[in-house]
Amino acid sequence: QVQLVESGGGLVQPGGSLRLSCAVSGSFRSITDMGWYRQAPGKERELVATIVGGGSIKYADSVKGRFTISRDNARNTVSLQMNMLKPEDTAVYYCNVVVFSLRYDLRTYWGQGTQVTVSS
């Protein structure tokens with residue numbers, strides 16, 4: 001089984017910063033994609049940022065220039081540095097990973113979610 005533990009959410013004022021982290025543990029051969037999604041009340045879950053094993057990165061247009069995703073392959077962690085936060089960034093943020101399992105297939109796992117609230 002694979003476990004994802006997220007940390008770093010909270011309440012911040014507009015223009016502030018937060019850093020989210022996600023640690024992946026368990027039994028698998030390797031991690032391919034790592035990323036962050038978010039879901040605001042009444043809205044569908046959406047991609048925030050993703051980084052694949054080769055290092056290619058994709059951001060949602062709404063966060064480009066403000067958010068930075070990074071991964072530490074040695075520690076199996078992925079982080080999301082969020083700067084210049086806006087009220088519309090308020091959502092539950094979910095860590096997402098795709099692993100190459102012990103059975104030689106690709107499997108997707110989600111974290112439990114961490115709340116980010118941007119408000120004055």
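In which sense do E4 and strand E5 (residues 46–51) pair, and over how many bridges? The pairing is antiparallel, over five bridges.

## About the model

This is a predicted model, in which local features need pLDDT of at least 70 and side-chain atom pairs count only at pLDDT 80 or more, while totals for chains, interfaces and linings use all residues. Residues are numbered from 1 along each chain as its sequence is written, and side-chain values use heavy atoms, with hydrogens and water left out.

Strands here are DSSP runs of at least two residues, numbered from the N terminus, and two of them pair if DSSP finds at least two bridges between them.

## The nonpolar core

A nonpolar core is a set of buried Ala, Val, Leu, Ile, Met, Phe, Trp, Tyr and Cys residues joined through side-chain atoms within 4.5 Å; buried means under 20% relative accessible area (1.4 Å probe, protein chains only). The largest such core has 31 residues, and Val24, Trp36, Leu80, Met82, Tyr93 and Val97 have the most contacts inside it. Elements giving two or more residues to this core include strand E1 (2–7), strand E3 (18–26), E4 and E5. E9 gives the most, with five residues.

Contact means heavy atoms within 4.5 Å. Leaving out residues up to four places away in sequence, valine 24 touches several residues, among them Leu4, Ile31, Met34 and Val97.

Let's turn to two charged side chains. A salt bridge needs a side-chain nitrogen of Lys or Arg within 4 Å of a carboxyl oxygen of Asp or Glu. Arginine 71, in strand E7 (residues 67–72), is buried without one, and the nearest side chain of opposite charge, aspartate 33, is 5.7 Å away. The arginine 71 side chain does reach the backbone oxygen of threonine 32 at 2.8 Å and that of isoleucine 31 at 3.3 Å.

Glutamate 6, in strand E1, is likewise buried with no salt bridge, and arginine 45, the nearest side chain of opposite charge, is 8.0 Å away. The glutamate 6 side chain reaches the backbone nitrogen of cysteine 95 at 2.6 Å, and the backbone nitrogen of threonine 114 lies 3.4 Å from one of its polar atoms.

Methods. Helices (H or I, at least four residues) and strands (E, at least two) are DSSP runs, numbered from the N terminus. Buried means under 20% relative accessible area, exposed over 50%, partly exposed in between (1.4 Å probe, protein chains only). Lys and Arg count as positive and Asp and Glu as negative; His and the chain ends are not counted. A polar contact is a pair of N or O atoms within 3.5 Å; within protein, one must be able to donate a hydrogen and the other to accept it, and residues adjacent in sequence count only if both atoms are side-chain atoms.
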